[in-house]
Amino acid sequence: PKLTAPSNPTPNPNPSMSAELAATLNLLRGSMLTLPEALEAPEKPPGPAYQPRNLYPLAHPSYPATPLFASHSENALLFERLPMDALFFVFYFQQGTPQQVLAARQLKKHSWRFHKKYMTWFQRHEEPKIATDEFEEGTYVYFDYESGWCQRIKSEFKFEYAYLEDE
């Protein structure tokens, strides 16, 4: 959607400024006129106050003081809608958090399996050519998080069940 400038734009005080930059500044000025009042802020929910992991002492007062999703079920619903790239990002860059667990659950729902030896996610590309009680061998898609942040195909890969993360 195209943004429109306020009905009474401020004249461009700097002739060397581009028209696009002047229009952007007018949009910013207009948005400052519609800031919510402190009384419009929602009341604090009952329970212990949210404590952010990384404190930033000079945060703007309008910055949220509580997490966007308070409950585990709200978080789980959000993770069901995330694309694969976002799930992989959360899994590898939010380690040790409840979000990493939720991302892993969603990846498993999409038939991805985590290999503990290679620390990466694999998915069957086709039915395995060989399957025993200890391993299966065939063509797999794996997520390359180290060098390409993409999905790659590995043929004749031996997936040993001993390295399968099953939690």
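Guide: This is a predicted model. Helix 3 and helix 4 are oblique to each other, because an angle over 145 degrees would be needed to count as roughly antiparallel, and these two helices pack at about 140 degrees.

Visitor: How far apart are the axes of helix 3 and helix 4?
Guide: The axes are 8 Å apart, with helix 3 covering residues 84-93 and helix 4 covering residues 98-109.

Visitor: And which residues make the contact?
Guide: Helix 3 contributes Met 84, Leu 87, Phe 88, Val 90 and Phe 91. From helix 4 come Gln 99, Gln 100, Ala 103, Ala 104, Gln 106 and Leu 107.

Visitor: How does that contact divide by class?
Guide: Eight of the residues are nonpolar and three are polar, with no charged residues.

Visitor: What is the handedness of the crossing?
Guide: Helix 3 passes helix 4 in a left-handed crossing.

Visitor: Turning to Leu 77, where does it lie?
Guide: Leu 77 belongs to helix 2, residues 72-81. Its relative accessible area is 49%, so Leu 77 is partly exposed; exposed would require over 50%. The C-alpha atom of Leu 77 is separated by 9.7 Å from that of Leu 102, 25 residues apart along the chain.

Visitor: Now the strands. In which sense do strand 4 and strand 5 pair?
Guide: Strand 4 (residues 135-144) and strand 5 (residues 150-160) pair in the antiparallel sense, over nine bridges. Within this pairing, Gly 138 has Phe 157 of strand 5 as its bridge partner.

Visitor: What lies between the two strands of the hairpin?
Guide: There are five residues between them, and Trp 149 takes a positive phi near 45 degrees in this hairpin.

Note on methods. Residues are numbered from 1 along each chain as its sequence is written. This is a predicted model: local features need pLDDT of at least 70, side-chain atom pairs count only at pLDDT 80 or more; totals for chains, interfaces and linings use all residues. Side-chain values use heavy atoms; hydrogens and water are left out. Helices (H or I, at least four residues) and strands (E, at least two) are DSSP runs, numbered from the N terminus. Buried means under 20% relative accessible area, exposed over 50%, partly exposed in between (1.4 Å probe, protein chains only). Two strands pair if DSSP finds at least two bridges between them. Axes are lines fitted to C-alpha atoms, for helices over the stretch in contact, and angles run from 0 to 180 degrees between N-to-C directions. Angles under 35 degrees count as roughly parallel, over 145 as roughly antiparallel, 65 to 115 as roughly perpendicular and the rest as oblique. A crossing is left-handed if the near helix is turned anticlockwise from the far one by less than a right angle, and right-handed if clockwise. Contact means heavy atoms within 4.5 Å. Ala, Val, Leu, Ile, Met, Phe, Trp, Tyr, Cys and Pro count as nonpolar, Asp, Glu, Lys and Arg as charged, and the others, Gly among them, as polar.
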